[in-house]
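Subject: Structure handover

Hello,

Here is the structure for your files. My notes follow below it.

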Amino acid sequence: MPTTRETVLTALHARLQPLAALTLRDEVLPERIPTAGLIILRDGQPGEPEVTLSPLRYHYQHRAELEVVVQAGTARASAFDDLIAAIGAALEADRTLGGLCDWIEPEAPASVDLPIEGAAALKAAGITVVLHYTTTGPLA
């Protein structure tokens, strides 16, 4: 039986699957970026939980990371912006991931342009997604 952490991360990954961009989880950056872009979900860290004692519950603000990459010769900025907007819409459509989370909240992307010798430049960003959920134990 998977832990609450794994269940929530799997649901987040599934939530991003319908997007046009290729969505991976904990994979290395591939040599080629798909035309529609690439999203890599990194599990991140659950951090220190707040604990309530009666009943015993651990309340996490887990910080997962989305690596978002677009490669295009022209219109790179608009393709990147479209992908970021699609991610935002997908997350806003179900802020509880079907009731598995109390709330999910993406943070603003910090983007960077990366030149590639002999190829179209990349535009990339890391987006932290804070997953608020409760467990009955730190390993549950």
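V130 lies in strand β7, residues 119–135 (helices, H or I of at least four residues, and strands, E of at least two, are DSSP runs numbered from the N terminus). This is a predicted model: local features need pLDDT of at least 70, side-chain atom pairs count only at pLDDT 80 or more, and totals for chains, interfaces and linings use all residues. Residues are numbered from 1 along each chain as its sequence is written, and side-chain values use heavy atoms, without hydrogens or water.

V130 has 8% relative accessibility, so it counts as buried (under 20% relative accessible area; exposed is over 50%, partly exposed in between; 1.4 Å probe, protein chains only). Leaving out residues up to four places away in sequence, V130 touches Q61, H62, R63, W103, I104, E105 and E107 (contact: heavy atoms within 4.5 Å). E105 is 25 residues from V130 in sequence, yet their C-alpha atoms are 5.1 Å apart.

Next, the cores. The largest nonpolar core has 29 residues; L66, I87 and L131 touch the most other members (a core is a set of buried Ala, Val, Leu, Ile, Met, Phe, Trp, Tyr and Cys joined through side-chain atoms within 4.5 Å). Elements giving it two or more residues are α1 (4–16), β2 (38–45), β4 (56–71), α2 (76–92) and β7. A second, separate core of six residues includes I33, L38, I40 and V69.

Last, α2. Its buried residues are F80, L83, I84, I87, G88, A90 and L91.

Best wishes
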